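Student: I have a model open and would like to learn how to read its features one by one. Can we go through it together?

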Amino acid sequence: METVKQIQGLGLLVALILLSACQHKSKDGQTDTYTSGVIAIAADESFQPIVQEEIDVFEGLYPLAGIVPRYVTEVEAVNLLLKDSLRLVITSRKLTLEEMESFNSRKFFPKEMKIATDGLALIVNRENPDTLISVQDIRRILTGEAKQWKDIYPSSHLKDIRLVFDNKNSSTVRFAVDSICEGVPLSNQVKALKTNKEVINYVADMPDAIGIIGVNWLSDKNDSTGLSFSKEIRVMAVSAAAKARPENSYKPYQAYLYYGDYPLARSIYVLLNDPRSALPWGFASFLASDRGQRIILKSGLVPATQPVRVVNVKDE
């Protein structure tokens with residue numbers, strides 16, 4: 001008899017749980033709340049290190065919440081949002097007018113939230129002694145005007161320039177075409193791999209290579225100050241002037257991104273289409289909160305709302 005009562009009690013408990021779930025289930029079938037449930041998001045692969053750290057802390061604070069990230073190209077991330085496949089993406093751009101009109105025509109009114117300033121870093125092999133470069137010379141390499149290292153550095157002993165990106169549909173390529181080349185097509189000699197990590201590995205193995213990656217892939221995790229870059233490669237100092245010199249060239253340190261001295265800076269945005277103000281809004285709000293912004297600050301990027309402590313750095 002006792003066993004029967006236990007089974008009946010268990011059945012009642014299960015029924016109550018199912019009833020509760022049905023009561024909290026929205027008309028669109030989604031059951032997540034501001035701090036609970038499981039959702040998928042998409043993020044530009046170049047932001048993977050910082051996005052993953054934010055997710056880990058958020059899930060630690062809210063054990064009933066699960067964020068499942070998809071690290072994809074910027075093009076794919078925005079397309080997933082446009083198709084209503086997910087409700088939050090993290091990219092380096094806002095929605096275009098056409099994209100916003102597409103949402104509005106379906107009675108959706110997405111939000112755009114800047115959470116940080118990032119930068120594109122130029123990396124070279126440890127054996128390459130040339131680490132100063134101007135934006136003008138970067139443009140020459142990207143468009144194919146400069147094909148060999150001696151075209152930029154006459155005394156260089158290196159031969160052909162092997163320039164590599166993370167992915168042909170990435171935000172890095174879009175920034176290079178729009179902001180560096182000003183619409184001029186990239187040279188067919190430029191090579192696209194798949195991820196930022198692959199670019200780092202390629203440059204570390206090829207003395208004549210130069211790679212363009214997201215700054216947050218460079219941080220030395222063993223340095224709590226955020227002032228050291230990965231030891232696998234060398235990071236170039238970039239100048240907005242026609243001729244790169246030590247006094248007018250900057251590496252993508254946090255302070256130089258903050259003051260605008262580093263010329264290859266870009267913004268990081270959360271694009272949000274969550275009319276129910278559920279878990280996507282909860283995670284987006286965390287990213288913009290004091291806790292979320294401090295994570296960005298510690299990573300070496302520039303948070304959108306936190307003050308940046310300026311530290312004098314000595315070049316390697």
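Student: At roughly what angle do the axes of α9 and helix α10 cross?

Tutor: Axes are lines fitted to C-alpha atoms, for helices over the stretch in contact, and angles run from 0 to 180 degrees between N-to-C directions. Helices (H or I, at least four residues) and strands (E, at least two) are DSSP runs, numbered from the N terminus. Here, the axes of α9 and α10 (residues 290-299) cross at roughly 60° and come within 4 Å. Angles under 35 degrees count as roughly parallel, over 145 as roughly antiparallel, 65 to 115 as roughly perpendicular and the rest as oblique. α9 and α10 are therefore oblique to each other.

Tutor: Before we go on, this is a predicted model, where local features need pLDDT of at least 70 and side-chain atom pairs count only at pLDDT 80 or more, while totals for chains, interfaces and linings use all residues. Residues are numbered from 1 along each chain as its sequence is written, and side-chain values use heavy atoms, with hydrogens and water left out.

Student: Which residues of α9 and α10 meet?

Tutor: Contact means heavy atoms within 4.5 Å. On the α9 side you have Phe286, Leu287 and Ala288, and they meet Asp290, Arg291, Gly292, Gln293 and Ile295 in α10. Sorted by class, that contact has 4 nonpolar, 2 polar and 2 charged residues. For the classes, Ala, Val, Leu, Ile, Met, Phe, Trp, Tyr, Cys and Pro count as nonpolar, Asp, Glu, Lys and Arg as charged, and the others, Gly among them, as polar.

Student: How many residues of α9 are buried?

Tutor: Buried means under 20% relative accessible area, exposed over 50%, and partly exposed in between (1.4 Å probe, protein chains only). α9 is mostly covered, with 7 of its 10 residues buried. They are Leu279, Pro280, Gly282, Phe283, Ala284, Phe286 and Leu287. When you look along a helix, remember that an α-helix has 3.6 residues a turn, so residues three or four places apart point the same way.

Student: At what angle does α2 pack with α9?

Tutor: Helix α2 (residues 48-61) and α9 (residues 279-288) pack at about 115°, with axes 11 Å apart. α2 and α9 are therefore roughly perpendicular to each other. Glu54, Ile55, Val57, Phe58 and Leu61 in α2 meet Leu279, Gly282, Phe283, Phe286 and Leu287 in α9. By class, the contact of α2 with α9 has 8 nonpolar, 1 polar and 1 charged residues.

Student: Which members of the largest nonpolar core touch the most other members?

Tutor: A nonpolar core is a set of buried Ala, Val, Leu, Ile, Met, Phe, Trp, Tyr and Cys residues joined through side-chain atoms within 4.5 Å. The largest one has 41 residues, and Ile90, Ile123, Val270 and Phe283 touch the most other members. Another core lies apart from it, with 30 residues, including Leu120, Tyr153, Ile161 and Ile180. Ile180 is also one of the buried residues of helix α6 (residues 171-180).

Student: Where do I find residues with a positive phi?

Tutor: The general idea is that most residues other than glycine have a negative phi. Just after α6, Glu182 takes a positive phi of about 55°. Asp84 has a phi near 60° and sits in the loop between α3 (74-82) and β3 (88-91). At 39% relative accessibility, Asp84 counts as partly exposed. Ser277, with phi near 55°, is in the loop between β12 (265-272) and α9. Ser277 is partly exposed too, at 40% relative accessible area.
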